[in-house]
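Take a moment with the sequence and the 3D view.

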Amino acid sequence: MHETETVEVRGHILDSGVLARILDDVLEYGGDYRIERLDVGRQHSDESTARLEIGADDADQLSRILMRLQTHGANAVTPGKALLRPAPADGVFPDDFYSTTNLVTQVHTGSRWLTVHNPEMDCGIVVAADDSAARTLPVSDVRAGERVVCGADGVRVLRPPAEDRDGDGFGFMSSAVSSEKPQALLVRQIADQMRAVKERGEKILWVCGPAMVHTGAAPAMVSLVRAGYVDVLFAGNALAAHDIESALFGTSLGVDLDKGRGVPHGHEHHIRAINKIRAAGSIAKAVSSGVLTSGIMHALVANDKRFVLVGSVRDDGPLPDVYTDVIDGQRAMRAELPGVGFCIMVATMLHSIATGNILPASIPLVCVDINPATVTKLADRGSAQAAGIVTDIGLFTEQLAEELRA
């Protein structure tokens with residue numbers, strides 16, 4: 001039996017390539033389509049509208065196609081009512097659960113539309129027993145009996161309005177990732193954005209890798225912390241360990257940061273630094289006891305800023321503050337997201353992708369890395385709001401700190 005559903009999508013769907021991606025996805029998922037209507041905007045700033053009939057061999061296949069199309073903002077014209085099924089066990093969704101995007105999402109309970117709290121990709125949607133609220137939930141956190149949205153019925157996804165093409169937002173980085181862009185201008189515009197975020201009373205989230213220390217950017221990062229432009233830091237064991245190594249021994253990975261060469265027994269410094277912090281009990285206790293007197297981690301503690309360190313199988317030690325259970329680490333990261341208005345990711349592919357996976361699409365983010373693949377992978381994994389700068393992160397951080405001092 002051939003099943004069909006009519007969907008509609010609006011926006012700059014032609015020049016952005018959205019319509020082409022929708023059609024490609026329908027075919028890739030084994031469905032077919034018929035364009036019922038295509039209204040093309042007359043002016044460059046006008047939006048276009050497309051209405052398509054989507055077909056599939058059965059209802060399950062059609063449902064999967066419709067869920068996929070919603071990642072592009074294509075919603076059913078007659079969405080109906082959401083189907084709710086109880087979670088069969090702790091940590092298990094029903095087989096046909098609705099897999100979320102990081103875009104603003106709404107669920108129709110039959111009487112009204114509920115806006116889903118904390119939009120996050122690759123989660124499920126749980127609706128309260130009294131139909132008063134809906135929220136995203138990772139599969140690890142669902143509990144048996146909770147009502148989970150299943151299938152695509154009664155769900156709609158709202159893409160953010162198109163940026164003003166002549167505005168001063170992040171349109172300057174909307175082209176393919178490239179190093180051939182005026183860095184001074186990019187840094188100035190990022191600084192302006194960060195000032196605006198602070199004026200709104202929102203938080204700035206940084207996601208950093210150990211190259212922040214290796215490249216000599218730590219002093220600039222300390223200046224940014226003290227100036228109030230770092231509210232939360234996400235990182236791994238390595239960033240904190242090498243920052244503390246630098247503070248205690250003047251080296252990073254055993255290399256003297258002033259002279260640029262290795263020192264005798266320098267390869268031991270990072271593990272000796274970790275050991276000192278473990279003896280103190282925590283990074284905060286090392287600061288309060290006078291063991292740790294400088295560096296990024298010291299600045300965060302001294303200025304009462306938040307940080308979440310999540311480890312990996314490669315870690316030495318680790319430091320006592322590091323989450324060694326990644327699920328607990330994810331929960332700790334999610335707990336810091338309320339109030340975040342801007343995110344900047346520097347020289348860490350794994351933590352950047354992990355953070356991008358839990359950020360709503362409404363939070364603008366900038367990824368800075370010497371490797372363009374980092375930014376590309378972020379966008380490929382669903383963080384469509386990611387803008388990228390390909391540059392040396394040491395120079396970038398120093399320029400940003402100087403710009404924000406101006």
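How do the residues of the lining of the second largest pocket divide into nonpolar, polar and charged? The model you are viewing is predicted. In this model, the lining has 23 nonpolar residues, 13 polar ones and 6 charged ones. The second largest pocket is lined by 42 residues. Look for its centre first. Val310, Gly311, Ser312, Leu350 and His351 lie nearest to that point. The space in this pocket comes to about 880 Å³.

Which elements build this lining? Those that give two or more residues to the lining of the second largest pocket are α6 (237-249), α7 (269-280), α10 (326-335) and α11 (349-358). Helix α11 provides the largest share, with 7 residues. Now step back to the domains. Domain 2 (79-162) and domain 3 (177-405) each supply at least three residues to the lining of this pocket.

Rolling a probe the size of a water molecule over the atoms shows where empty space is left. How many cavities of 30 Å³ or more does a search of the whole structure find? The search finds 1. The largest cavity holds about 50 Å³ of space. Its lining is made by Val7, Leu66, Leu69, Gln70, Ala74, Asn75, Ala76, Ala152 and Asp153. The largest share comes from α2, with 3 residues. By class, the lining of the largest cavity has 6 nonpolar residues, 2 polar and 1 charged.

Helix α2 leads us to helix packing. Two packed helices are described by the angle between their axes and the distance between the axes. Helix α1 (residues 18-28) packs with α2 at an angle of about 155°. Their axes are 10 Å apart. An angle over 145° counts as roughly antiparallel, so α1 and α2 are roughly antiparallel to each other. Their crossing is right-handed.

Now turn to another pair. Helix α3 (residues 183-199) packs with helix α13 (residues 393-405) at an angle of about 55°, and their axes are 9 Å apart. Is this pair oblique or roughly parallel? The angle makes α3 oblique to α13. Here, too, the crossing is described: α3 passes α13 in a right-handed crossing.

Finish with the backbone. Most residues other than glycine have a negative phi, and most peptide bonds are trans. Two places deserve a look against that background. Where is proline 318? Proline 318 sits in the loop between β16 (306-309) and α10. The bond between glycine 317 and proline 318 is a cis peptide bond, with omega of about -15°. Recall that α10 also gives two or more residues to the lining of the second largest pocket.

The other place is asparagine 118. This residue lies in the loop between β7 (113-117) and β8 (124-127). What is the phi of asparagine 118 near? Phi is near 40°, a positive value in a residue other than glycine.

Terms used:
Residues numbered from 1 in each chain as written. Predicted model: local features only at pLDDT ≥ 70, side-chain atom pairs only at ≥ 80, totals over all residues. Heavy atoms only, no water. 1 Å grid on protein atoms, 1.4 Å probe; cavity = no way out; pocket = protein on both sides within 12 Å on 5 of 7 lines; lining within 4 Å. Points joined across faces, edges and corners; volume = space filled by probe spheres on them. Helix = DSSP H or I, 4+ residues; strand = E, 2+ residues; numbered from the N terminus. Nonpolar A, V, L, I, M, F, W, Y, C, P; charged D, E, K, R; others polar. Domains from an automatic or database assignment. Axes fitted to C-alpha atoms, helices over the stretch in contact; angles between N-to-C directions. Parallel < 35°, antiparallel > 145°, perpendicular 65-115°, else oblique. Left-handed = near helix turned anticlockwise from the far one by under 90°.
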